[in-house]
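Please examine the sequence and the model shown below.

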Amino acid sequence: MAKAKVSIDFSTHNFNDKELNVKASSIADGLADNPGFPSLKESSVQIKTKNEYYGGLLAKMELGNRQITAEKNAARIDLEGILKTTGLKVQDLSNGDEVLILSTGFDINRKPTPVGILNQPVNLQIKLGKITGTLEVSWDVVPGAYSYEIRYTQIPKTD
């Protein structure tokens with residue numbers, strides 16, 4: 001059985017400002033008196049302290065002050081850093097045990113699944129490029145595709 005991996009991506013792509021505040025609070029509470037991670041009690045206190053400061057700045061954001069925005073962004077980076085560091089420690093101490101990881105408030109990464117045979121790209125469009133001798137080629141994205149291989153020939157055998 002594959003080991004579960006702790007999700008340590010707390011970027012704005014995954015969590016907006018308010019969602020990060022809630023998630024960090026959940027993690028701090030999950031680690032506070034967790035018998036599986038007694039050595040991370042201090043990390044819980046640090047996360048809680050940094051998250052309270054970050055939450056206070058979020059509340060002040062309505063003023064629209066650039067200085068507060070800069071302070072909030074710096075506090076977010078600081079909070080993301082300690083969450084990532086703590087997440088890596090949780091990964092090591094849990095040895096990939098999914099139940100133990102989830103008890104801390106951290107999420108786990110999705111388990112990889114095979115994609116299978118992919119469809120051919122559709123809506124292929126070829127236009128002359130802006131530079132002599134070039135072409136601009138585009139097509140619709142194929143779900144599940146990691147990369148594309150493009151081949152061309154000057155004299156095709158078929159249409």
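The crossing of α1 and α3 is left-handed, a term used when the near helix is turned anticlockwise from the far one by less than a right angle, whereas clockwise would be right-handed. Helices here (H or I, at least four residues) and strands (E, at least two) are DSSP runs, numbered from the N terminus. The model is predicted, so local features need pLDDT of at least 70 and side-chain atom pairs count only at pLDDT 80 or more, while totals for chains, interfaces and linings use all residues. Residues are numbered from 1 along each chain as its sequence is written, and side-chain values use heavy atoms, with hydrogens and water left out.

**Helix packing**

Helix α1 spans residues 17-32 and helix α3 residues 66-94; their axes come within 11 Å and cross at roughly 40 degrees. That makes α1 oblique to α3. Angles under 35 degrees count as roughly parallel, over 145 as roughly antiparallel, 65 to 115 as roughly perpendicular and the rest as oblique. The axes are lines fitted to C-alpha atoms, for helices over the stretch in contact, and angles run from 0 to 180 degrees between N-to-C directions.

Contact means heavy atoms within 4.5 Å. On the α1 side, Asp17, Leu20, Ala24, Ile27 and Leu31 take part, and they meet Lys72, Arg76, Leu79, Glu80, Leu83, Thr86 and Val90 of α3. Sorted by class, the contact of α1 with α3 has 7 nonpolar, 1 polar and 4 charged residues. In this scheme Ala, Val, Leu, Ile, Met, Phe, Trp, Tyr, Cys and Pro are nonpolar, Asp, Glu, Lys and Arg are charged, and the others, Gly among them, are polar.

Helix α2 (residues 41-60) also packs with α3, at an angle of about 155 degrees and with the axes 9 Å apart. The two helices α2 and α3 are therefore roughly antiparallel to each other. The contact includes Ile47, Tyr54 and Leu58 of α2 and Ile68, Ala75 and Ile82 of α3. By class, the contact of α2 with α3 has 10 nonpolar, 4 polar and 7 charged residues. The crossing of α2 and α3 is left-handed.

**Salt bridges**

Side chains of opposite charge can pair when their charged atoms come close. A salt bridge is a side-chain nitrogen of Lys or Arg within 4 Å of a carboxyl oxygen of Asp or Glu. How many salt bridges does a search of the whole structure find? The search finds 8, and the table lists examples.

| Salt bridge | Closest N and O atoms |
|---|---|
| Lysine 23 and aspartate 107 | 2.9 Å |
| Glutamate 80 and arginine 76 | 2.7 Å |
| Lysine 111 and glutamate 98 | 3.2 Å |

Lysine 111, in the loop between α4 and β1, and glutamate 98, in helix α4, are 13 residues apart, and their pair links distant parts of the chain.

Buried means under 20% relative accessible area, exposed over 50%, and partly exposed in between (1.4 Å probe, protein chains only). Lysine 23 is buried, with a relative accessible area of 13%, whereas aspartate 107 is partly exposed at 34%. Glutamate 80 is buried at 13%, and arginine 76 is buried at 4%. Glutamate 80 and arginine 76 both lie in helix α3, 4 residues apart, about one turn of the helix. Asp17, Lys72, Arg76 and Glu80 are linked in a network of salt bridges.
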